[in-house]
Amino acid sequence: MTIGVELVEADLDGVSVALGHREDASPRPAGSAWLPSRAMGNGTPVELHVEAFGPVDGEPVLLLSGADAQCTRWTPALVDPLVDAGHRVVRFDTRDCGLSSKLSSDDGYTLDDLATDACRMLDGEGIEAAHLVGRSMGGMVAQVVALEHPERVRSLTLLCSTPGLGDERLPPPDDRLVDQMTERLFAPPPVDHVEKVAWLVELDRLFVGTRYPFDETAATLVADADVTRCWFPETGHGPAVNSSPSRLDRLGDIGVRTLVVHGTVDPVFPVEHGIALAEGIPGADLWLVEGLGHEVPDACLAELLPKVLAHLAG
């Protein structure tokens, strides 16, 4: 197999960027690079691990991950059909996660900072505007990009997300989930590889609904890959979400085509959160998935992908 290397240089607000992409005949393996984002207010540098798939001139799709989720959780079952449809698909590890920079607990940040990271990543990839597909926290980041940097957004796809965690006009997480998460918080932390994998599998199990059976074998493989790649549970993603203001009253300012996908039994963001997004964003389409939890399992892609591809095509 012949692999070519393309180097692209850019200067982002005084930050020199060199991106290396591996290109071959298949959508995987993809190019990967470390992209310096804008330094934080205290001068702390942030580097983002970026992976790109598909034709360089394809219409770009940026995948935005949920809290504490590595970019590899956007699986080939979703990435490959997007590439086959001619899209340039980009995924990256959010700061504090995966192979991107890890920050100390003193380096606080908000969703605005994560939105800026996404825009810097687009700059480094030479992308003026992209379709944003965001899951959970990634959907929140996508909303902020659409509000603060509308010229960078072609469309939004918001999966199991919310316009504002803690907004009293929206219901809180399921009581049972809160109790289970509290128990995990005060339980002894996992120590070895096997315990860490089991810890992640049980976390995934808490989020599932009734529509698709929980695939423990698949979840174990994903968790094992997560732990092998990078184990870092002490991210600042939760504080970033909790410290950011609600966007509920600003949704009317979003002016791009939007698809909202939400499960009717989501225990993290009850279904009212998805309905609020669809009602607040002008012209948004809403697909309520009966029995779906706070999840985007590969099992749902046979139903989800046609809707997403049609949405991206406009």
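1. Let's start with a side-chain pairing: glutamine 70 and arginine 229 are joined by a polar contact of 2.7 Å. A polar contact here is a pair of N or O atoms within 3.5 Å; within protein, one must be able to donate a hydrogen and the other to accept it, and residues adjacent in sequence count only if both atoms are side-chain atoms. Keep in mind that this is a predicted model, in which local features need pLDDT of at least 70 and side-chain atom pairs count only at pLDDT 80 or more, while totals for chains, interfaces and linings use all residues. Residues are numbered from 1 along each chain as its sequence is written, and side-chain values use heavy atoms, with hydrogens and water left out.

2. Where does glutamine 70 sit? Look in the loop between strand S5 (59–64) and helix H1 (76–84). Helices (H or I, at least four residues) and strands (E, at least two) are DSSP runs, numbered from the N terminus. Glutamine 70 counts as buried because its relative accessibility is 4%. The cut-offs are under 20% relative accessible area for buried and over 50% for exposed, with partly exposed in between (1.4 Å probe, protein chains only). Not counting residues up to four places away in sequence, glutamine 70 touches Ser65, Asp93, Cys97, Gly98, Asp226, Arg229 and Cys230; contact means heavy atoms within 4.5 Å.

3. Next, the cysteines. A disulfide is a covalent bond between the sulfur atoms of two cysteines. With the cut-off used here (a pair of cysteine sulfur atoms within 2.5 Å), the structure holds zero disulfides. Cysteine 71 is in no disulfide, and the nearest cysteine sulfur, from cysteine 97, is 8.4 Å away. Cysteine 71 counts as buried because its relative accessibility is 0%. Cysteine 119 is buried too, at 3%.

4. Now the nonpolar cores, meaning sets of buried Ala, Val, Leu, Ile, Met, Phe, Trp, Tyr and Cys residues joined through side-chain atoms within 4.5 Å. Which residues touch the most other members of the largest core? Leu62, Leu132 and Leu156 do, out of 50 residues. Helix H3 (residues 137–148) gives the most to this core, eight residues. Leaving aside neighbours within four places in sequence, leucine 62 has contacts that include Val90, Phe92, Met121, Leu122 and Leu132. Another core lies apart from the largest one and has 25 residues, among them Val89, Leu159, Cys300 and Leu301.

5. Check helix H8 (residues 271–280) as well: Val271, His273, Gly274, Ala276, Leu277 and Ala278 are buried there. The buried residues of H8 pack against H3, strand S8 (153–159), S9 and S10.

6. On a 1 Å grid over the protein atoms alone, a cavity is a set of points where a 1.4 Å probe fits but cannot get out, and lining residues have an atom within 4 Å of a point. Of the 13 residues lining the largest cavity, Val261, Leu292, Glu295, Val296 and Cys300 lie nearest its centre. Strand S9 (257–263) and strand S10 (285–289) each supply at least two lining residues, and S9 gives the largest share, three.

7. Lastly, threonine 217 is in helix H6 (residues 216–229). Threonine 217 is exposed because its relative accessible area is 58%.

Definitions and conventions. On a 1 Å grid over the protein atoms alone, a cavity is a set of points where a 1.4 Å probe fits but cannot get out, and a pocket is an open set with protein on both sides within 12 Å along at least five of seven lines; lining residues have an atom within 4 Å of a point.
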